[in-house]
Amino acid sequence: MPSDRDDARDDGPDSPSSAALAAAALPADDLPDGLLVAGPDGKVLVFNAAAVRVTGITADAAIGRDFRDVLPLHDAEGRDWWKCLAPYEGLSTRTRHPERALFLPDDNEVLVTASYRRDADGAVERFTICLRDALYRARQERDRADLVSTVAHELRSPLTSVKGFTATLLAKWHRFNDDQKRVMLETVNADADRVTRLITELLDVSRIEAGRLEMHRQVVDLAGEARKVIAGRVAAGDAEDRFRFHANGELPEMWLDPDKIDQILGNLVENAVRHGAGTVTVVVEPDAHKEGAAVSVRDEGEGIPPEAADRVFRQFWRGPGGNRRGGTGLGLYIVKGLVEAHGGAIAVRSAPGGGAEFRFTLPAGAPDHAS
């Protein structure tokens, strides 16, 4: 049985085994991160598609060359990283290097990790380098900063109100009549609800990003859920003639999480009321393209520019002019995550009568998929 060293032997003096490359490169191209594997002589054996994308170096230009020439990295002080690291000449007990931000010759930042495979004598048999584009990390850091800023802004107002009214009531309870006390306590209660909603949104974002949304499926009357959401808006004070509902055709049996469906519909209807204008129309119908259901929520406002259609479901997206009109900017991001957790899809387009139309589709579930 051939050893790992035999697998990595050269067909010629400068080129690695074509069989080894074929075996290693195919699955390597499926990896989301860049991968460079060097053999015992430092020559590149594997240079996957993600590494090509991150570095701009073709696989043909990399394979068979010394990895230090293919990937000349330097640190923030401009020092040659491979001279500092000396991976083949350093301690034989080293097995890996933690992630570090380094720079390509064009000064693009990449995140680099490395690991060793050694023989019984401690000599390097394989040196593996993983690369990630630092733009993703920068995006994550900006998103975290935006999240902190948003949370601070959204919490400040209701908590200030709660603190002010409770302090006033505690200090001057006997100076107020019952009606005044009731108004202040109702305000405190409403602000506490705002804080609770914000915390719920943050937890939803965390679960969506971590892929930890729990689904509790059961048979759901989708049209009935939509009617219930509209009735709740009317009971909360919205004009009844602001809403229109249509149920077109018979739906298949839908196994869905009712709480999450209420959250999806509630967020979309609230978005249409807050950011749209005119009548808000909700349409529930069979999905014409595959077995399942489709739900559309339309308004008669200014609509969403076509060039922004791909961005509306990102965290903290704001409409033209950055008009907040209340909210955290997380609602549509959460809606997309909840729809996709059901195996569905959502998109936005221009409504038939103007305005925006958010349309999502859900596959028909089955009892054995319920949790």
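Which element gives the most to the lining of the largest cavity? The model is predicted, so local features need pLDDT of at least 70 and side-chain atom pairs count only at pLDDT 80 or more, while totals for chains, interfaces and linings use all residues. Residues are numbered from 1 along each chain as its sequence is written, and side-chain values use heavy atoms, leaving out hydrogens and water.

A cavity is a set of points, on a 1 Å grid over the protein atoms alone, where a 1.4 Å probe fits but cannot get out; its lining residues have an atom within 4 Å of a point. There are two cavities of 30 Å³ or more. The largest cavity has a volume of about 60 Å³, volume being the space filled by probe spheres set on the points. Its lining consists of W81, L85, H97, P98, R100, L102, V112, T113 and A114. Elements giving two or more residues to this lining are α6 (81-85), β3 (96-103) and β4 (109-118). The answer to the opening question is β3, with four residues. Helices (H or I, at least four residues) and strands (E, at least two) are DSSP runs, numbered from the N terminus.

Now to a pair of helices. The axes of α9 (residues 222-235) and α10 (residues 258-275) come within 10 Å and cross at roughly 50°. Axes are lines fitted to C-alpha atoms, for helices over the stretch in contact, and angles run from 0 to 180 degrees between N-to-C directions. The two helices are therefore oblique to each other, as angles under 35 degrees count as roughly parallel, over 145 as roughly antiparallel, 65 to 115 as roughly perpendicular and the rest as oblique.

Definitions and conventions:
1 Å grid on protein atoms, 1.4 Å probe; cavity = no way out; pocket = protein on both sides within 12 Å on 5 of 7 lines; lining within 4 Å.
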